Amino acid sequence: MTSSKPKILVTRRLPDSIEARMATLFETDVNEADLALAPDDILSGLDGKDVLVSTITDRIDAELISRLPDSVRLIAQFGNGVDNIDLDAAWSAGLTVTNTPSVLTEDTADMATALMLTLPRRLVEGTQMLVRDRAWAGWSPTSMLGHRLRGKALGIVGMGRIGTAVASRARAFGLAIHYYSRNRRPPGVEAPLEATYWDDLDAMLAAVDIVSLHTPLTRETHRILSAERLAAMKLGAYVVNVSRPELVDETALIEQLEICHLAGAALDVFENRHGINARLLALAEAGRVVLTAHMASATLEARVEMGEAVIVNIRTFMDGHQPPHRLLPETPTPRTARG
């Protein structure tokens with residue numbers, strides 16, 4: 001007897017409670033090894049499946065999409081960002097793509113704020129001196145001097161949900177809020193934050209002490225912090241990135257840190273296709289860079305809520321309705337019917 005449950009492939013392990021719910025609602029295959037799957041492994045696992053539950057570690061490009069079994073009609077991304085998916089190719093192939101926005105806002109904003117505190121106050125260096133180096137001689141008036149946050153200017157690139165949440169937290173620490181965004185926020189958002197809008201990103205970058213990136217990765221925002229813009233930033237400024245590594249020209253960032261034009265960087269995301277850049281690791285060892293392991297949304301609460309959103313998207317779609325978190329390409333083209 002054939003099951004009427006939707007058949008899904010989940011490419012990475014998810015929280016136990018989410019996997020249990022999926023097993024109840026769907027015919028579920030989970031990648032038990034929890035390692036990034038090669039394209040051929042994804043394709044073989046999708047034989048006869050209706051839904052691909054993907055994550056940011058899955059490269060779903062046009063070539064892979066062209067080889068998907070006809071049975072696959074939905075790509076339900078576990079995550080907010082979808083720059084790993086060729087949305088144009090998916091649309092043309094008649095696929096629906098969904099993601100899990102909103103649920104990551106507070107945790108990501110918490111992490112960005114934590115990194116803003118960690119970097120100028122040298123928190124990682126202070127811990128390493130005690131635990132790794134075991135060389136602490138005791139308190140001194142000039143030991144481990146950092147910089148205070150109050151009175152500094154924060155420049156937020158991308159004033160969406162996360163950028164606004166970061167601004168709210170930063171305001172409580174006494175930072176002056178500046179922002180550059182595709183659209184200016186309404187007075188009801190700006191006024192409580194005393195936020196200053198800039199329509200010229202280059203001008204803002206030259207004026208602020210800390211730059212925090214919260215814009216999605218698009219064709220327009222790829223390397224939005226280019227070599228030229230990094231070089232033109234205020235002397236002694238800091239860069240914080242909890243969004244996407246491709247927003248920054250990493251080699252140029254390293255160069256500006258090495259020549260001490262920039263005081264430091266706090267990065268939850270960075271290039272890692274061929275291992276972390278050795279120069280970046282050296283800067284981290286020297287206390288100029290703080291690196292965290294893509295942890296901005298890494299709370300149990302966020303992961304469970306992301307899983308719940310994936311389940312809602314799948315069930316809504318399989319019931320014949322438009323899922324709540326459906327994504328469209330920037331320039332939709334004619335579609336091919338599937339299934």
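Visitor: So what order do the strands of the open sheet come in?
Guide: This is a predicted model, and in it 6 strands line up as β2-β1-β3-β4-β5-β13, with mixed pairing.

Visitor: Which strands stand at the edges?
Guide: β2 (27-30) and β13 (326-327) do. Each has a single partner strand, so one side of each is left without a neighbour in the sheet.

Visitor: And how do β1 and β3 run, and how many bridges join them?
Guide: β1 (residues 7-10) and β3 (residues 51-54) run parallel, joined by 3 bridges. Ile 8 stands opposite Val 51 in β3.

Visitor: Which helix packs on the sheet?
Guide: That's α13 (residues 300-318), which touches β1, β3, β4 (74-77) and β5 (96-98). Its direction makes about 160° with that of β4.

Visitor: OK, helices then. At what angle do α11 and α12 cross?
Guide: Roughly 35°, with the axes of α11 (residues 250-258) and α12 (residues 278-285) coming within 10 Å. The crossing is left-handed.

Visitor: Which residues make that contact?
Guide: From α11 you have Glu 250, Thr 251, Ile 254, Glu 255, Leu 257 and Glu 258, and from α12 Arg 279, Leu 280 and Leu 283. They split into 4 nonpolar, 1 polar and 4 charged.

Visitor: Which residues are closest to its centre?
Guide: Pro 120, His 147, Gly 236, Tyr 238 and Ala 263, out of 20 lining the second largest pocket. That lining divides into 9 nonpolar, 4 polar and 7 charged residues.

Conventions
Residues numbered from 1 in each chain as written. Predicted model: local features only at pLDDT ≥ 70, side-chain atom pairs only at ≥ 80, totals over all residues. Heavy atoms only, no water. Axes fitted to C-alpha atoms, helices over the stretch in contact; angles between N-to-C directions. Helix = DSSP H or I, 4+ residues; strand = E, 2+ residues; numbered from the N terminus. Left-handed = near helix turned anticlockwise from the far one by under 90°. Contact = heavy atoms within 4.5 Å. Nonpolar A, V, L, I, M, F, W, Y, C, P; charged D, E, K, R; others polar. Pairing = 2+ DSSP bridges. 1 Å grid on protein atoms, 1.4 Å probe; cavity = no way out; pocket = protein on both sides within 12 Å on 5 of 7 lines; lining within 4 Å.
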